[in-house]
Amino acid sequence: MRSLTFFVFGLTAYVVVLIVSQRMLASIGPDSTITTLLAVTPIIPAVFICGVVVQAIRNLDEMQRKLQLEALAVAFAGTALITFGYGFLEGNGLPKLSMFAVWPLMSALWFTGVMVGLLRHR
């Protein structure tokens, strides 16, 4: 429960920092050092969220950690295959995708890996 509280806190901080930084970026002219710093400020709460996830996994029992490791392996390998494959397709004229597409893809594959693992270990 404590991990969930920290996770929600981190997500809330991320949303607030993202909104504030984007609004500030819209009011500042381009190509300044401040814009670069503002653009990456949402990474600070994202690092906190990553730490919360790692700590939550450390607190799991051995079986749950194994399930998470397998799901992360599926997410890692699947993301690599899909992004490399699409990269080759971009060379053949498909539209370029933003790097923002990678994290949702990896998250979806992680979730799928967890669900398959739960069904397999029933």
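Me: Let's start with the second largest pocket. How much space lies in it?

Reply: About 210 Å³. Keep in mind that this is a predicted model.

Me: Which residues line the second largest pocket?

Reply: The lining is made of I82, T83, Y86, G87, E90, L97, S98, M99, A101, V102 and L105.

Me: And which helix gives the most to that lining?

Reply: That's α4, with five residues. Both α4 and α5 supply at least two residues each.

Me: What's the lining like by class?

Reply: Seven nonpolar, three polar and one charged for the second largest pocket.

Me: OK, on to the largest pocket. How much space is in there?

Reply: About 1200 Å³. Its lining runs to 31 residues.

Me: Which of those lie nearest the centre?

Reply: A46, I49, C50, W103 and S107 are the ones nearest the centre of the largest pocket.

Me: Which helices each put at least two residues into that lining?

Reply: α1 (2-27), α2 (33-40), α3 (43-58), α4 (62-90) and α5 (102-120) each do. The largest share comes from α3, which provides ten residues.

Me: How many charged residues are in the lining of the largest pocket?

Reply: There are no charged residues there; the lining has 27 nonpolar and four polar ones.

Me: Switching topic: what does the secondary structure of the chain come to?

Reply: Five helices and zero strands. Going along the sequence, the pattern reads α-α-α-α-α.

Me: What about the radius of gyration, how does the chain stand against a compact globule?

Reply: The protein chain has 18 Å, whereas a compact globule of 122 residues would be near 14 Å. Along the principal axes, the C-alpha atoms fill a box of roughly 55 × 45 × 15 Å.

Me: What percentage of the residues is buried?

Reply: Buried residues make up 16% of the 122 in the chain. Buried here means under 20% relative accessible area.

Note on methods
Residues numbered from 1 in each chain as written. Predicted model: local features only at pLDDT ≥ 70, side-chain atom pairs only at ≥ 80, totals over all residues. Heavy atoms only, no water. 1 Å grid on protein atoms, 1.4 Å probe; cavity = no way out; pocket = protein on both sides within 12 Å on 5 of 7 lines; lining within 4 Å. Points joined across faces, edges and corners; volume = space filled by probe spheres on them. Helix = DSSP H or I, 4+ residues; strand = E, 2+ residues; numbered from the N terminus. Nonpolar A, V, L, I, M, F, W, Y, C, P; charged D, E, K, R; others polar. Rg over C-alpha atoms; globule rule 2.2 N^0.38 Å. Buried < 20%, exposed > 50% of the residue type's maximum accessible area, 1.4 Å probe, protein only.
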